[in-house]
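Trainee: I am new to this structure. Could you show me how to read it, one feature at a time?

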Amino acid sequence: MKNTSQIKYTEYDIHGKGVPAPIHVDQLENLLKSFANKETYDNGDKCNRSGDLDPYSYYAVNSKNARITNDDIITHLAPTLKKCFPNLAFRITGNFIYGPGDGIDEHTNANDPSDVMYITYATGKSKFSYRYSQEEPLIDTYDDINGLTLRAFTLTDSKPFTFHKVECETGYRVSIGIRYVKLF
Amino acid sequence: MSDIYRYIETIDDGSLIFTESSIMLPKIKGRLLLSDSDFKKYTLHIKYINCCSLNENAELEVDSVKVLSRRVQRIMYDIDDKSAELRKLVQEAAIFDNKEVAREIALVIKSMNKFLDSDFSNITDVNDIEQITCPELQLDYEKHFTNKIYGI
């Protein structure tokens, strides 16, 4: 599942359909790297929710992170993603910056089923975990440190759901989510 | 709470309609009662009911080419709406002689129009067709450019 052999990033083909390959990987990496710091985190819109864990919820009940601003998405992120993935029709659905100790607990996003890809740049120890049933153990996938990690998976609106969560132990973790369809 | 019965029905001109009823309707040719699981399975078919037909086994079939055409048409309308809003901002930028913002807005409009030149013909799954979108449509350019024009 993990492939780091010939490319400058790590990919996790979780849904088994292949991870869309970016062109201009360096630009993508540099952009996300520029967001992965305390200053951008502090200036981002904060999200801090807490409550009783419900892994079946559409959105995580417990969530602590910051969001990249609308201006940065429009000025930098969207044009770069369009340039890097000319073969995808996509919409940006995640623009997270996790700080040390931040995370987002298990949820399904079952209200918006589709193929999704998360593009991540982490400066410390962080991971994305998933499973298809509450009876199964979580499968941990770790982020490259100071590098790009791409994960593609499918969100469903019925069982088996793709339960998923994120934990950022140290450093800053920028994570950009897109719902996508391959054009070619 | 009363039950809801859901049907796909063939009407006089041969096209299909989706109906709901609080009473069970008599079984007739061309009327298909949907179970709860059918209803869930056919959510997108119902959305695009004008692109569907019933096959000889009374199963609902969708014409993905027609769905694609409708989806692209929908995106075209949305792009037109978004472009109209952005053109108003070009005028506002012109009032303030802010050529840079006017140029940026023009690029966004061009980029959206270019999206319509994409070849979508490889996308044949209805669920995938439903996911086709132009990235710019989801972004809040109005707020972004208004802030730039008025310096707020």
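Mentor: Start with one residue. Lys64(A) lies in strand 4 of chain A, residues 63-67. Helices (H or I, at least four residues) and strands (E, at least two) are DSSP runs, numbered from the N terminus. This is a predicted model: local features need pLDDT of at least 70, side-chain atom pairs count only at pLDDT 80 or more, and totals for chains, interfaces and linings use all residues. Residues are numbered from 1 along each chain as its sequence is written, and chains are lettered from A and ligands numbered from 1 in the order in which they are written.

Trainee: Is Lys64(A) buried, exposed or partly exposed?

Mentor: Count the neighbours. A residue is buried if 20 or more other C-beta atoms lie within 10 Å of its own, exposed if 12 or fewer, and partly exposed in between, with C-beta atoms placed from the backbone. Lys64(A) has 18 other C-beta atoms within 10 Å, so this residue is partly exposed.

Trainee: Which residues does Lys64(A) touch, leaving out those up to four places away in sequence?

Mentor: Contact means that two C-beta atoms, placed from the backbone, lie within 7 Å. On that basis Lys64(A) touches Cys47(A), Asn48(A), Asp102(A) and Gly103(A). Now take Tyr9(A). Tyr9(A) and Lys64(A) are 55 residues apart in sequence, and their C-alpha atoms are 26 Å apart in space.

Trainee: What does chain A as a whole look like?

Mentor: Chain A has three helices and 12 strands. Its radius of gyration is 15 Å, close to the 16 Å of the globule rule for 184 residues, so chain A is as compact as a globular protein of that length. The radius is taken over C-alpha atoms, and the rule is 2.2 Å times the number of residues to the power 0.38. Along the principal axes, the C-alpha atoms fill a box of roughly 40 × 40 × 30 Å. Of the 184 residues, 42% count as buried.

Trainee: And chain B?

Mentor: Chain B has six helices and five strands. Their pattern along the sequence is β-β-β-α-α-β-β-α-α-α-α. The radius of gyration of chain B is 22 Å, well over the 15 Å that the globule rule gives for 152 residues, so chain B is more spread out than a compact globule. Its C-alpha trace spans about 70 × 40 × 25 Å along the principal axes. Buried residues make up 20% of chain B.

Trainee: How do I describe two packed helices?

Mentor: Two packed helices are described by the angle between their axes and the distance between the axes. Take helix 3 (residues 64-95) and helix 4 (residues 99-115) of chain B: their axes come within 9 Å and cross at roughly 165 degrees. That makes the two helices of chain B roughly antiparallel, a term for angles over 145 degrees. Axes are lines fitted to C-alpha atoms, for helices over the stretch in contact, and angles run from 0 to 180 degrees between N-to-C directions.

Trainee: Which residues meet there?

Mentor: Among them are Leu86(B) and Val90(B) in helix 3 of chain B, and Ile105(B) and Ile109(B) in helix 4 of chain B.

Trainee: How many residues does each chain bring to the contact between chains A and B?

Mentor: Chain A brings 16 residues and chain B brings 17. Helix 3 of chain A gives the largest share of its chain's side, six residues.

How values were computed:
Parallel < 35°, antiparallel > 145°, perpendicular 65-115°, else oblique.
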